[in-house]
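Subject: Structure for you to look over

Hello,

Here is the structure I promised. Please open it alongside these notes.

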2 protein chains.
Amino acid sequence: MTETLKEYLKHYDATEYPSVLVTVDTVLLTYHEDAIKVLLVKRASHPDIDHWGLPGGFLDQSKDKSLEDAANRNIEAKTNIRPPYLEQIQTVGSGNRDPRGWSMSVIFSALVPIAACKANVDSVEEARWFDMDEARKLKLAFDHKQAIEAAFERHKQKALYSFIPVYALTQPMTLTELRRVHELLIGKTIQRKSFIRRAEASDMFTDTGKTTQDKGRPAALYKVKSAVKDYRFVRNIEA
Amino acid sequence: MTETLKEYLKHYDATEYPSVLVTVDTVLLTYHEDAIKVLLVKRASHPDIDHWGLPGGFLDQSKDKSLEDAANRNIEAKTNIRPPYLEQIQTVGSGNRDPRGWSMSVIFSALVPIAACKANVDSVEEARWFDMDEARKLKLAFDHKQAIEAAFERHKQKALYSFIPVYALTQPMTLTELRRVHELLIGKTIQRKSFIRRAEASDMFTDTGKTTQDKGRPAALYKVKSAVKDYRFVRNIEA
DNA sequence: CTAATAGTGTCTATTAGACATTATTGT
DNA sequence: ACAATAATGTCTAATAGACACTATTAG
């Protein structure tokens, strides 16, 4: 006797199975004042109350059609913007990472221009941008420390063969600023000439014609050409 | 008034929240008879009953300490081996991918030597190795088609800058076989000389001293040196 | 002028691709 | 010997690193 899907669903009861706690958390990175910064939020509730942790929270089945939706919802709650770059990093789960039960977290990482969200972040009492150096010294909630490292490592790899890190900058930007972001991610200096050659080869940027005004020779200001997110170099920067 | 974690947990009831269905599924790949093969399982139950799909299933909180545990458990059930290479690919989730409710799947991908599990797979009625070409033509359960493509794409990228694909081979293996795996993943031929140069540079393989015996000149048989999983080339194969 | 920063010229080193050549087996 | 396959020799092209040099601003 074959049962139809309809009959099967009539008798199916999801609450029979022990539930899993599902959270979606995001490692939000930006560049400001010669440093890579990560957004942390002070937890207002148990567990790990009063510890700094990643912005995020439980999946909301009524609001979230997908995992990306959940990530964007939580990001917008803190920054009021939708990030120009969002990527899934990894999913962690275990029976003992949360005292409430078997818990998993889908970790995303986003790059945002700080100018677009600084005011909003400053207005949210419990959210703050930390220098990566500082963040690394803190005791964070759950396994969020490890999540930040995984996200950082991913962006480091991308810095070696792409210009994805540009999304951490406020446009228009100079190639020196962009190079600096790459240097901070990779952890070593990059030859100016090499970097400019790659920028030209990628054909990802347009010269706005404007320049910076500061001490020294003015720098050209560039914007990312629209619809170019994924240029990959065959040859990496040597890390 | 501050509530302690203990008090908080006393009143916390996980069943208050709508549960999410969590499955862990694995894209198992191997190399056999000049083709990349993927392991598919015929579903014995609703939904998508009788469709081919990925090996996997619901997270079992009593058996699985982590998501990797769940992946390994399901892989071992079909192949009777623990794969030499296992990697998390992505997690998908939405309210409408499964008629039973909001559902998510943590997708892993593993590479296995076919010799170690062929007999076991053959003994399991509902499991079969499919050529990638065949698998691409099938109508698969859930969004497993997309999961296979994501895994394949990941392995393709790795084939460009590493020798990770070696784990799809039964050792000892020849460099010609390994090159063929890379070619199938990348979708184009690779210069024999270039490939051998890279193999030498990686220092990942030891010559067993043995050779193949077939028509033509015998090929040297190699093994992977233990504890070398992550050599990365600065310069990619040009795809 | 000098200091500071942006941007270029040009050489070297590395390495992937191309492809001809040599080596080693079975029949 | 010939066919088949493995492995090497060697040239070229592409491109990242190094670093000296030039350019353009502020003061």
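This is a predicted model: local features need pLDDT of at least 70, side-chain atom pairs count only at pLDDT 80 or more; totals for chains, interfaces and linings use all residues.

Contact here means heavy atoms within 4.5 Å.

**Helix H6 of chain A**

Which residues are buried? They are A:Leu175, A:Leu178, A:Arg179, A:Val181, A:His182, A:Glu183, A:Leu185 and A:Ile186.

The helix length checks out. H6(A) covers residues 175–186, which is 12 residues. At 1.5 Å a residue it should span 16 Å, and its end C-alpha atoms are 16 Å apart, so the two agree. Just after the helix, A:Gly187 takes a positive phi of about 85 degrees.

**A:Lys118**

This residue sits in helix H3 (residues 118–123) of chain A. Is A:Lys118 buried, partly exposed or exposed? Its relative accessible area is 32%. Buried means under 20% and exposed means over 50%, so a value in between is partly exposed. A:Lys118 is therefore partly exposed.

**Strands E5 and E6 of chain A**

E5(A), residues 85–94, is mostly covered. Eight of its 10 residues are buried. The strand pairs with E6(A), residues 103–111, in the antiparallel sense. Nine bridges join E5(A) and E6(A). Across this pairing, A:Val92 stands opposite A:Ser105 of E6(A).

**B:Thr26**

Over in chain B, B:Thr26 lies in strand E1 (residues 21–32). Its relative accessibility is 1%, so B:Thr26 counts as buried. What does B:Thr26 touch, leaving aside residues up to four places away in sequence? The contacts are B:Leu54, B:Pro55, B:Ala71, B:Ile75, B:Leu86, B:Phe108, B:Ser109 and B:Ala110.

**Cavities**

How many cavities of 30 Å³ or more does a search of the whole structure find? It finds four. The largest cavity holds about 50 Å³ of space. Its lining is B:Leu29, B:Ile36, B:Leu111, B:His155, B:Pro165, B:Ala168, B:Val181 and B:Leu185. Seven of the lining residues are nonpolar, one is polar and none is charged.

The largest pocket has about 1500 Å³ of space. It is lined by 39 residues, and the closest to its centre are A:Glu87, A:Arg154, A:Lys158, B:Glu87 and B:Arg154. Elements giving two or more residues to this lining are E5 and H5 of chain A, with strand E5 (85–94) and helix H5 (144–161) of chain B. E5(B) gives the most, with seven residues. By class, the lining has 14 nonpolar, nine polar and 16 charged residues.

The second largest pocket has a volume of about 480 Å³. Its lining has 24 residues, and B:Arg43, B:Leu54, B:Gly56, B:Gly57 and B:Phe58 are the closest to its centre. In chain B, E1, strand E2 (35–42), strand E4 (56–58) and helix H2 (67–79) each supply at least two lining residues. The lining of this second pocket divides into seven nonpolar, nine polar and eight charged residues.

Best wishes

How values were computed:
Residues are numbered from 1 along each chain as its sequence is written. Chains are lettered from A and ligands numbered from 1 in the order in which they are written. Side-chain values use heavy atoms; hydrogens and water are left out. Helices (H or I, at least four residues) and strands (E, at least two) are DSSP runs, numbered from the N terminus. The expected span of a helix is 1.5 Å times one less than its number of residues. Buried means under 20% relative accessible area, exposed over 50%, partly exposed in between (1.4 Å probe, protein chains only). Two strands pair if DSSP finds at least two bridges between them. On a 1 Å grid over the protein atoms alone, a cavity is a set of points where a 1.4 Å probe fits but cannot get out, and a pocket is an open set with protein on both sides within 12 Å along at least five of seven lines; lining residues have an atom within 4 Å of a point. Grid points are joined across faces, edges and corners, and a volume is the space filled by probe spheres set on the points. Ala, Val, Leu, Ile, Met, Phe, Trp, Tyr, Cys and Pro count as nonpolar, Asp, Glu, Lys and Arg as charged, and the others, Gly among them, as polar.
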